[in-house]
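Hi there,

Here is the structure I promised to pass along. Have a look through it first, and then read on for what turned up.

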Amino acid sequence: ARSFRALEVHADERLRIRPHDGSALLLRLHALQEIGASASELDRAALTLLAVLPPEAGTLIPSYPLPGLVVAQVLAHVDPRNPAIDRIAGRVARADDSDLPTPPDYLFDEGRRWMRRTGIELLTWNRWLAWDTLATAALNRNELAKAQSICESMERQLAKPVNEQTASDVDFSPTAARLSPLHRAYYAQCRSGVARAQGNPVEAADILRVALADPMLNDIVVSRTMHVALASLPGGGGPAASASPLTEHAFSAATTAALPPAPVAPAGDWVSVDRAVPSLELVDAEGHRWDLAQLRGKTILVNFWATWCSGCVIEMPYVVRLQQQLRTNADMAVVSASLDAQRGQVMSFLERNRYRLDVSMLAAEDFQRTLGAISLPQTWIIDTEGRLRYMTTGFGTGPGWVDRTLAQMNKAR
């Protein structure tokens, strides 16, 4: 807070010399956001900045965030009916690649491609920020249908492969791949806000918990906003009040929020195997030791995972759902085997996310010694004779995972 107070003082000093200095006004607005200024202070600062911005404040100059979007984002919280929100954020949300500035002719081909690629990536960042801004304003205006429509726009974008989320005529950029956790967080915020507005606070909290469990979400501002929203919901200030599983609607919302864009290269494909399962000693949640051989006679799915594995975290709601579905099945079983070093870390993860999951621990060194290099998440299907029939590494199938995995288990019977 001290550093942002210093930024505010620095901005005020610049404004005393040049009262209409847009960059100083923007700096001051950022500082006020970070130090937790009152709504009235933020409103005044945002409107002052808006007054000095040119009419085309929402145009797609190659920068992030666009100054106009910063103003709209603040107004969405403190003055959600201000028409500038829809004018600026709506302009950016509707933009496409054709709205980007044309690279100058004097640049070489490589320079023009770099400028266009950078512009498309910045457009992607700004478009998602605009959607988040519009959804926040709609929810604060009690316009539920509009908020739902924005959530659907986000969902359609998340369903595209990463290289189609930027542009089809530009090579895939690693920067675009890094956007996906932030995209999923924005989508989770939207879905959670809609659930809350519909009178489903428990579902709203579940959606945020799943999104915050993603270790790849390292955007401090967004995650802090989500934590604040979660703390205001039932059970949000600490562990869940009960161990009940996710509701049907929350499962759908949570798994979609956690779903990454479809990978460029396929992941999670099943590979046919036919070999004996090595002896692996597991330890259940109560500390009892047991071996997979004890389940001989059942078709078993074994999911190896860890809390530090982002793919595992994304996959987890599906594994939970499959285990719940087969809990009373006498012929099939789902075994969750965590490679985490500390049992308490695993149980805390499950409790925090309201997952009802029977989990066992497997020492990572035992896994590596018996099976080679660790690659997670890794899933096996073992037949009734105790032979490993199918295996897969990674998670890339998304919606329909439970049904497809169950069909794969039936193949092994």
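A residue counts as buried when its relative accessible area is under 20%. Please keep in mind that this is a predicted model.

Let me begin with the cysteines. Cys 190 has a relative accessibility of 3%, so it is buried by that cut-off. Cys 151 is buried too, with a relative accessible area of 3%. These two cysteines are joined by a disulfide, with an S to S distance of 2.0 Å, and the structure holds one disulfide. Cys 151 belongs to helix α7 (residues 144-158) and Cys 190 to helix α8 (residues 174-197), so the bond ties together parts that are 39 residues apart in sequence. The torsion about the S-S bond is about -110°, which means that the disulfide is left-handed.

In soluble globular proteins, nonpolar side chains tend to be buried together. The largest core here has 59 residues, and among those touching the most other members are Leu 29, Leu 69, Met 154 and Tyr 186. Helix α6 (residues 109-140) contributes the most to this core, with nine residues. A second, separate core has 50 residues, including Trp 290 and Val 313.

Finally, what surrounds Asp 383? Beyond its neighbours within four places in sequence, Asp 383 is in contact with Lys 298, Arg 389 and Ala 412. Asp 383 sits in the loop between β7 (378-382) and β8 (387-393) and is buried, at 8% relative accessible area. A polar atom of the Asp 383 side chain lies 2.9 Å from the backbone nitrogen of Glu 385.

Best wishes

How values were computed: Residues numbered from 1 in each chain as written. Predicted model: local features only at pLDDT ≥ 70, side-chain atom pairs only at ≥ 80, totals over all residues. Heavy atoms only, no water. Core = buried A, V, L, I, M, F, W, Y, C linked by side-chain atoms within 4.5 Å. Buried < 20%, exposed > 50% of the residue type's maximum accessible area, 1.4 Å probe, protein only. Helix = DSSP H or I, 4+ residues; strand = E, 2+ residues; numbered from the N terminus. Disulfide = S-S within 2.5 Å. Polar contact = N/O pair within 3.5 Å; in protein donor to acceptor, adjacent residues only side chain to side chain. Contact = heavy atoms within 4.5 Å.
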